[in-house]
Amino acid sequence: MPKSKTHSGTAKRFKVSGSGKVLRQKAGRRHLLEHKSSRVTRRLDGKAVVSEQDAPRIKRLLGI
């Protein structure tokens, strides 16, 4: 059986932590920021953990 390839789009968007959780960036902080309050942009900062229901599919796309 051939090697399975990593889904490159998924690899750019997600990261797996040391404990095995899948991490993602929060949506809504790419553009049109001038009308969003500083409170909102701070809230959208940092990483978020992917839900338990979505994690297996993402791990399969990452080849984990």
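Modeller: A residue counts as buried when its relative accessible area is under 20%, and as exposed when that area is over 50%, with partly exposed in between. This is a predicted model.

Biologist: What share of the 64 residues in the chain is buried?

Modeller: Buried residues make up 17% of them.

Biologist: How many helices and strands are there in the chain?

Modeller: The chain has 3 helices and 3 strands. Along the sequence they come in the pattern α-β-β-α-β-α. The radius of gyration is 15 Å, well over the 11 Å that the globule rule gives for 64 residues, so the chain is more spread out than a compact globule.

Biologist: What does the C-alpha trace span along its principal axes?

Modeller: About 50 × 20 × 20 Å.

Biologist: And how much accessible surface does the chain have?

Modeller: About 5700 Å², with 51% of that belonging to carbon and sulfur atoms.

Biologist: Let's go inside. Which residues make up the largest nonpolar core?

Modeller: That core has 5 residues in all: V22, V50, A55, I58 and L62. Helix α3, residues 55-62, gives the most to it, with 3 residues.

Biologist: Which residues of α3 are buried?

Modeller: A55, I58 and L62 are buried in α3. Seen down the helix axis, the buried residues of α3 fall within an arc of 65 degrees, so they line one face of the helix.

Biologist: Why would residues three or four places apart point the same way?

Modeller: Because an α-helix has 3.6 residues a turn.

Biologist: What covers the buried residues of α3?

Modeller: The cover includes α1 (8-13), β1 (14-16) and β2.

Biologist: Take L62, then. What does L62 touch, leaving out residues up to four places away in sequence?

Modeller: L62 touches T6, T10, A11 and V16.

Biologist: Where does T10 lie?

Modeller: T10 lies in helix α1. Leaving out residues up to four places away in sequence, T10 touches I58, L61 and L62.

Biologist: Is T10 buried or exposed?

Modeller: T10 has a relative accessible area of 6%, so it is buried.

Biologist: What about A11?

Modeller: A11 is in helix α1 as well. With a relative accessible area of 38%, A11 is partly exposed. The C-alpha atoms of A11 and L62 are separated by 6.2 Å, although the two residues are 51 residues apart along the chain. A11 touches T6 and L62, again not counting residues up to four places away in sequence.

Biologist: What share of contacts between residues at least 6 apart in sequence join residues at least 24 apart?

Modeller: In this chain, 50% of them do.

Biologist: Back to α3 for a moment. What happens just after α3?

Modeller: G63 takes a positive phi there, of about 80 degrees.

Biologist: Which residue has a positive phi although it is not a glycine?

Modeller: L32 does, with a phi of about 55 degrees. Most residues other than glycine have a negative phi. L32 lies in the loop between β2 and α2. Its relative accessibility is 56%, so L32 counts as exposed.

Biologist: Now D45. Where does D45 lie, and what does D45 touch?

Modeller: D45 lies in the loop between α2 and β3 (47-49). Not counting residues up to four places away in sequence, D45 touches K26 and R29. D45 is partly exposed, with a relative accessible area of 47%.

Biologist: Last one: T41. Is T41 buried or exposed?

Modeller: T41 is buried, because its relative accessible area is 16% and the cut-off for buried is under 20%. T41 lies in helix α2, residues 38-43.

Biologist: What does the side chain of T41 reach?

Modeller: The T41 side chain reaches the backbone oxygen of S38 at 3.0 Å. Not counting residues up to four places away in sequence, T41 touches R29, L33 and K36.

Terms used:
Residues are numbered from 1 along each chain as its sequence is written. This is a predicted model: local features need pLDDT of at least 70, side-chain atom pairs count only at pLDDT 80 or more; totals for chains, interfaces and linings use all residues. Side-chain values use heavy atoms; hydrogens and water are left out. A nonpolar core is a set of buried Ala, Val, Leu, Ile, Met, Phe, Trp, Tyr and Cys residues joined through side-chain atoms within 4.5 Å. Buried means under 20% relative accessible area, exposed over 50%, partly exposed in between (1.4 Å probe, protein chains only). Helices (H or I, at least four residues) and strands (E, at least two) are DSSP runs, numbered from the N terminus. Contact means heavy atoms within 4.5 Å. A polar contact is a pair of N or O atoms within 3.5 Å; within protein, one must be able to donate a hydrogen and the other to accept it, and residues adjacent in sequence count only if both atoms are side-chain atoms. The arc is that of the directions from the helix axis to the C-beta atoms. The radius of gyration is taken over C-alpha atoms; the globule rule is 2.2 Å times the number of residues to the power 0.38. Accessible areas come from the Shrake-Rupley method with a 1.4 Å probe; for residues, only the protein chains shown count as cover.
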